[in-house]
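Trainee: I would like to go through the terms used for this model. Please show it to me.
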Amino acid sequence: MKSYRFLVIGAHPDDCDLMAAGLAMKMLAKGHEVFFLSATDGGAGHQTMSREELIARRAGECEKAGEILGLTYEALPIPDGELTADLPYRRMLMKRIREIAPDVIITHRTCDYHPDHRACGQLVMDCSYLVGVPLFCPEVPALRKAPVILSMWDHFTNPTPFRADLCVPIDDVVERKIGATLSHVSQFYEWLPWIGGWEDIENALTFDEKTKLLHEQMHRRFSRAAKLYPDKLPEGTQHAEAFEWNEYGGKLTDELVEIMTK
Ligand SMILES: [Zn+2]
């Protein structure tokens, strides 16, 4: 069977882990290749650190998550909070997409609460046709086959709710997924409790106590797709990841669905 190359593009370091780390581990175990790419440097997500300190810290967190998952986790040098779907960033992203030459790209939808997420989804779509046009970014050879584009699950409904075209059961890898996700300590232990009003975690006295609460929260979070789409999963599945096919990329084949879901 053909070996597939998956590229997960999140807007921030931790988006790839949250939405696709289970799939990533399963694909790696089957001999496929997986790359995680954050479109921004993650330098805006903290209430006390400077951008410079945070960018360095988050690069280390990506490295740790990558070690747990067994993949390369890279971040583009674009400032967090300032991602826009413009020509310079399209060129920058196109370069990495062509260099990695993925069969499948997984990213955000363009309806999302965070402007960086929206721009990230738009940038990938903006690359989807041009990836094969040799005279756009001629310094990197064009790809001869358009990557399949899948969107990561979200709960937004305007203008259109998420459509689960394929669901991946992840019960067998969920603990490792939580471990990798919680490598982003600056986010889950510090920033998100502060910005998101996670009072129980913010008020927990010790790191271990926070870890315990975060584990419980992650189990709830990663069980949402299993609860929403039980008909698309093996009976009894507790944790899952869901993806929506984007018609602007390559065709979603039966073989790919089989590889991703079985
Ligand atoms: Zn994000």
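Mentor: In this predicted model, the axes of helix H3 (residues 87–100) and helix H4 (residues 115–130) come within 10 Å and cross at roughly 60°. Local features need pLDDT of at least 70, side-chain atom pairs count only at pLDDT 80 or more, and totals for chains, interfaces and linings use all residues. Residues are numbered from 1 along each chain as its sequence is written.

Trainee: What makes the contact of H3 with H4?

Mentor: H3 gives Tyr 89, Arg 90, Leu 93, Met 94 and Ile 97, and H4 gives Leu 123, Asp 126, Cys 127 and Leu 130. Contact requires C-beta atoms, placed from the backbone, within 7 Å. By class, there are seven nonpolar, no polar and two charged residues.

Trainee: Why are H2 and H5 called roughly antiparallel?

Mentor: Helix H2 (residues 51–69) and helix H5 (residues 174–181) pack at about 165°, axes 8 Å apart. Angles run from 0 to 180 degrees between N-to-C directions. Under 35 degrees is roughly parallel, over 145 roughly antiparallel, 65 to 115 roughly perpendicular and the rest oblique. H2 and H5 are therefore roughly antiparallel.

Trainee: Which residues make that contact?

Mentor: Ala 65, Ile 68 and Leu 69 of H2 meet Arg 176, Gly 179 and Ala 180 of H5.

Trainee: How do you know that S2 and S3 pair?

Mentor: Pairing needs at least two DSSP bridges between two strands. Four bridges join strand S2 (residues 33–38) to S3, so the two strands pair. They run parallel. Phe 36 has Tyr 73 of S3 as its bridge partner.

Trainee: What makes strand S3 (72–75) an edge strand?

Mentor: S3 pairs on one side only, and so does strand S6 (166–169). The open sheet runs S3-S2-S1-S4-S5-S7-S6.

Key. Two residues are in contact if their C-beta atoms, placed from the backbone, lie within 7 Å. Ala, Val, Leu, Ile, Met, Phe, Trp, Tyr, Cys and Pro count as nonpolar, Asp, Glu, Lys and Arg as charged, and the others, Gly among them, as polar.
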